[in-house]
Amino acid sequence: FCDWSTEKEATLAIIKPDGVLGNHTDAIKATILQSGFKISREKIIQLDKDSASSFYAEHSTKRFFDSLVKYVTSGPVLVMVLEKENAISDWRALIGPTDGSKAKITHPNSIRAMCGTDVEKNCIHGSDSPQSAQREISFFFDTSTSRGDIQHDEL
Ligand code: RTP
Ligand code: MG
(Lines give C-alpha, C1' and ligand atoms only; values in the text may rest on other atoms or scores of the structure.)
(Ligands and ions follow the chains in the order given, each with its own letter.)
Protein backbone atom coordinates (compact mmCIF):
# COMPACT_ATOMS: atom_id res chain seq x y z
CA PHE A 1 0.00 0.00 0.00
CA CYS A 2 1.37 3.36 -0.93
CA ASP A 3 -0.11 6.50 0.61
CA TRP A 4 0.46 9.01 -2.18
CA SER A 5 -0.93 11.83 -0.04
CA THR A 6 2.22 11.82 2.08
CA GLU A 7 4.63 11.26 -0.79
CA LYS A 8 7.50 13.74 -0.55
CA GLU A 9 8.59 15.93 -3.43
CA ALA A 10 12.14 17.21 -3.95
CA THR A 11 13.29 20.57 -5.27
CA LEU A 12 16.63 22.32 -5.74
CA ALA A 13 17.61 25.39 -3.75
CA ILE A 14 20.77 27.44 -4.24
CA ILE A 15 21.97 30.15 -1.89
CA LYS A 16 23.68 32.39 -4.44
CA PRO A 17 27.01 34.20 -3.81
CA ASP A 18 25.37 37.33 -2.35
CA GLY A 19 23.48 35.13 0.11
CA VAL A 20 26.57 33.15 1.15
CA LEU A 21 28.95 36.13 1.32
CA GLY A 22 26.31 38.29 3.05
CA ASN A 23 26.11 35.71 5.84
CA HIS A 24 22.45 34.88 5.20
CA THR A 25 23.00 31.10 5.19
CA ASP A 26 21.99 30.42 8.81
CA ALA A 27 18.84 32.55 8.61
CA ILE A 28 17.83 30.97 5.30
CA LYS A 29 18.37 27.44 6.65
CA ALA A 30 16.36 28.26 9.76
CA THR A 31 13.49 29.49 7.56
CA ILE A 32 13.74 26.33 5.44
CA LEU A 33 13.49 24.02 8.46
CA GLN A 34 10.77 26.09 10.17
CA SER A 35 8.74 25.85 6.96
CA GLY A 36 8.73 22.05 7.13
CA PHE A 37 11.39 21.20 4.55
CA LYS A 38 14.03 18.57 5.13
CA ILE A 39 17.49 19.35 3.73
CA SER A 40 18.40 15.95 2.29
CA ARG A 41 21.56 16.87 0.35
CA GLU A 42 23.82 19.88 0.45
CA LYS A 43 27.20 21.06 -0.74
CA ILE A 44 29.14 24.27 -1.14
CA ILE A 45 30.68 24.75 -4.58
CA GLN A 46 32.25 27.42 -6.74
CA LEU A 47 30.56 27.44 -10.15
CA ASP A 48 32.79 28.13 -13.15
CA LYS A 49 31.64 29.88 -16.33
CA ASP A 50 30.88 26.64 -18.17
CA SER A 51 28.85 25.05 -15.38
CA ALA A 52 26.90 28.26 -14.70
CA SER A 53 26.15 28.71 -18.42
CA SER A 54 24.99 25.12 -18.64
CA PHE A 55 22.83 25.38 -15.51
CA TYR A 56 21.13 28.55 -16.83
CA ALA A 57 21.03 27.35 -20.49
CA GLU A 58 17.33 28.29 -20.77
CA HIS A 59 18.37 31.96 -20.42
CA SER A 60 21.28 31.84 -22.90
CA THR A 61 19.56 34.17 -25.39
CA LYS A 62 18.49 36.76 -22.79
CA ARG A 63 20.11 40.18 -22.48
CA PHE A 64 21.00 39.49 -18.86
CA PHE A 65 22.73 36.14 -19.49
CA ASP A 66 26.38 37.28 -19.33
CA SER A 67 25.68 39.34 -16.24
CA LEU A 68 23.84 36.40 -14.61
CA VAL A 69 26.78 34.04 -15.26
CA LYS A 70 29.20 36.60 -13.82
CA TYR A 71 27.01 37.00 -10.74
CA VAL A 72 26.58 33.31 -9.91
CA THR A 73 30.30 32.63 -10.44
CA SER A 74 31.36 35.59 -8.25
CA GLY A 75 31.71 33.44 -5.12
CA PRO A 76 30.69 30.16 -3.51
CA VAL A 77 27.12 28.90 -3.63
CA LEU A 78 25.34 26.49 -1.27
CA VAL A 79 23.30 23.93 -3.21
CA MET A 80 20.59 22.00 -1.36
CA VAL A 81 17.94 19.40 -2.11
CA LEU A 82 14.79 20.24 -0.14
CA GLU A 83 12.07 17.68 0.51
CA LYS A 84 8.48 17.95 1.68
CA GLU A 85 5.02 17.51 0.25
CA ASN A 86 4.51 20.06 -2.54
CA ALA A 87 8.15 21.15 -2.18
CA ILE A 88 8.52 22.72 -5.63
CA SER A 89 5.70 25.26 -5.49
CA ASP A 90 5.96 25.79 -1.72
CA TRP A 91 9.67 26.64 -2.09
CA ARG A 92 8.95 29.07 -4.97
CA ALA A 93 6.32 30.75 -2.79
CA LEU A 94 8.72 31.00 0.15
CA ILE A 95 11.56 32.58 -1.87
CA GLY A 96 9.24 35.22 -3.38
CA PRO A 97 9.33 37.11 -6.67
CA THR A 98 12.50 37.39 -8.79
CA ASP A 99 13.14 41.06 -8.04
CA GLY A 100 14.46 41.34 -4.49
CA SER A 101 13.66 45.05 -4.21
CA LYS A 102 10.02 44.45 -5.20
CA ALA A 103 9.84 41.41 -2.90
CA LYS A 104 10.51 43.68 0.08
CA ILE A 105 7.26 45.53 -0.71
CA THR A 106 4.93 42.83 -2.03
CA HIS A 107 6.24 39.73 -0.19
CA PRO A 108 7.90 41.06 3.00
CA ASN A 109 8.09 37.60 4.62
CA SER A 110 9.84 36.01 1.63
CA ILE A 111 13.50 35.00 1.56
CA ARG A 112 14.22 37.41 -1.30
CA ALA A 113 12.75 40.23 0.80
CA MET A 114 15.21 39.26 3.55
CA CYS A 115 18.39 39.07 1.44
CA GLY A 116 17.68 40.06 -2.16
CA THR A 117 18.85 43.37 -3.63
CA ASP A 118 17.45 43.71 -7.17
CA VAL A 119 16.19 41.73 -10.18
CA GLU A 120 19.56 39.97 -10.55
CA LYS A 121 21.03 39.79 -7.05
CA ASN A 122 18.18 37.92 -5.40
CA CYS A 123 20.26 35.60 -3.16
CA ILE A 124 18.32 32.37 -3.71
CA HIS A 125 17.18 29.95 -6.41
CA GLY A 126 14.28 27.52 -6.66
CA SER A 127 13.32 25.00 -9.35
CA ASP A 128 10.24 26.17 -11.23
CA SER A 129 8.65 22.83 -12.26
CA PRO A 130 8.95 19.06 -11.69
CA GLN A 131 11.00 18.80 -14.90
CA SER A 132 13.38 21.56 -13.77
CA ALA A 133 13.68 20.06 -10.30
CA GLN A 134 14.69 16.68 -11.71
CA ARG A 135 17.20 18.23 -14.13
CA GLU A 136 18.67 20.59 -11.54
CA ILE A 137 19.01 18.00 -8.76
CA SER A 138 20.84 15.59 -11.06
CA PHE A 139 22.95 18.52 -12.35
CA PHE A 140 24.52 18.83 -8.90
CA PHE A 141 24.04 15.47 -7.18
CA ASP A 142 24.56 11.84 -8.03
CA THR A 143 20.94 10.68 -7.93
CA SER A 144 21.88 7.01 -8.22
CA THR A 145 23.07 6.86 -4.61
CA SER A 146 20.68 6.44 -1.70
CA ARG A 147 19.26 9.64 -0.31
CA GLY A 148 18.85 10.67 3.29
CA ASP A 149 22.34 11.51 4.42
CA ILE A 150 23.45 15.09 4.12
CA GLN A 151 26.48 15.10 1.87
CA HIS A 152 29.03 17.80 2.46
CA ASP A 153 31.07 17.07 -0.62
CA GLU A 154 33.02 20.12 -1.66
CA LEU A 155 34.44 20.75 -5.10
P1 RTP B 1 15.82 31.40 -10.26
O2 RTP B 1 15.72 30.63 -11.54
O3 RTP B 1 17.25 31.81 -9.91
O4 RTP B 1 15.16 30.70 -9.10
O5 RTP B 1 15.03 32.79 -10.41
P6 RTP B 1 13.64 33.06 -11.13
O7 RTP B 1 13.05 31.78 -11.65
O8 RTP B 1 12.82 33.89 -10.22
O9 RTP B 1 14.09 33.98 -12.35
P10 RTP B 1 14.53 33.56 -13.84
O11 RTP B 1 13.65 34.30 -14.78
O12 RTP B 1 14.63 32.08 -13.97
O13 RTP B 1 15.97 34.21 -13.94
C14 RTP B 1 17.10 33.51 -13.45
C15 RTP B 1 17.98 34.49 -12.69
O16 RTP B 1 18.53 35.42 -13.60
C17 RTP B 1 18.67 36.70 -12.97
N18 RTP B 1 17.89 37.69 -13.70
N19 RTP B 1 18.36 38.86 -14.07
N20 RTP B 1 18.65 41.45 -15.17
C21 RTP B 1 17.49 40.82 -15.30
O22 RTP B 1 16.53 41.31 -15.86
C23 RTP B 1 17.38 39.49 -14.72
N24 RTP B 1 16.29 38.73 -14.75
C25 RTP B 1 16.62 37.60 -14.10
C26 RTP B 1 18.19 36.53 -11.53
O27 RTP B 1 19.31 36.22 -10.71
C28 RTP B 1 17.24 35.36 -11.66
O29 RTP B 1 17.05 34.70 -10.42
MG1 MG C 1 14.14 30.39 -12.86
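**Ground rules.** Residues count from 1 along each chain as its sequence is written, while chains are lettered from A and ligands numbered from 1 in the order in which they are written. Since the model is predicted, local features need pLDDT of at least 70 and side-chain atom pairs 80 or more, but totals for chains, interfaces and linings use all residues.

**The sheet.** I found an open sheet of 4 strands, ordered E2-E3-E1-E4 with antiparallel pairing. Strands (E, at least two residues) and helices (H or I, at least four) are DSSP runs numbered from the N terminus, and two strands pair if DSSP finds at least two bridges between them. E2 (38–45) and E4 (124–126) sit at the edges with a single partner strand each, so one side of each has no neighbour in the sheet. The twist averages 20° from one strand to the next. E2 and E3 are joined by 7 bridges, and Ile 45 faces Val 77 in E3.

**Ser 74.** I looked this one up in the loop between helix H4 (65–72) and strand E3 (77–84). Pro 17 is 57 residues away in sequence, yet the C-alpha atoms are 6.4 Å apart.

**Ligand 1.** The residues around ligand 1 include His 59, Phe 64, Thr 98, Glu 120 and Asp 128.

Terms used:
Near = placed C-beta within 6 Å. Axes fitted to C-alpha atoms, helices over the stretch in contact; angles between N-to-C directions.
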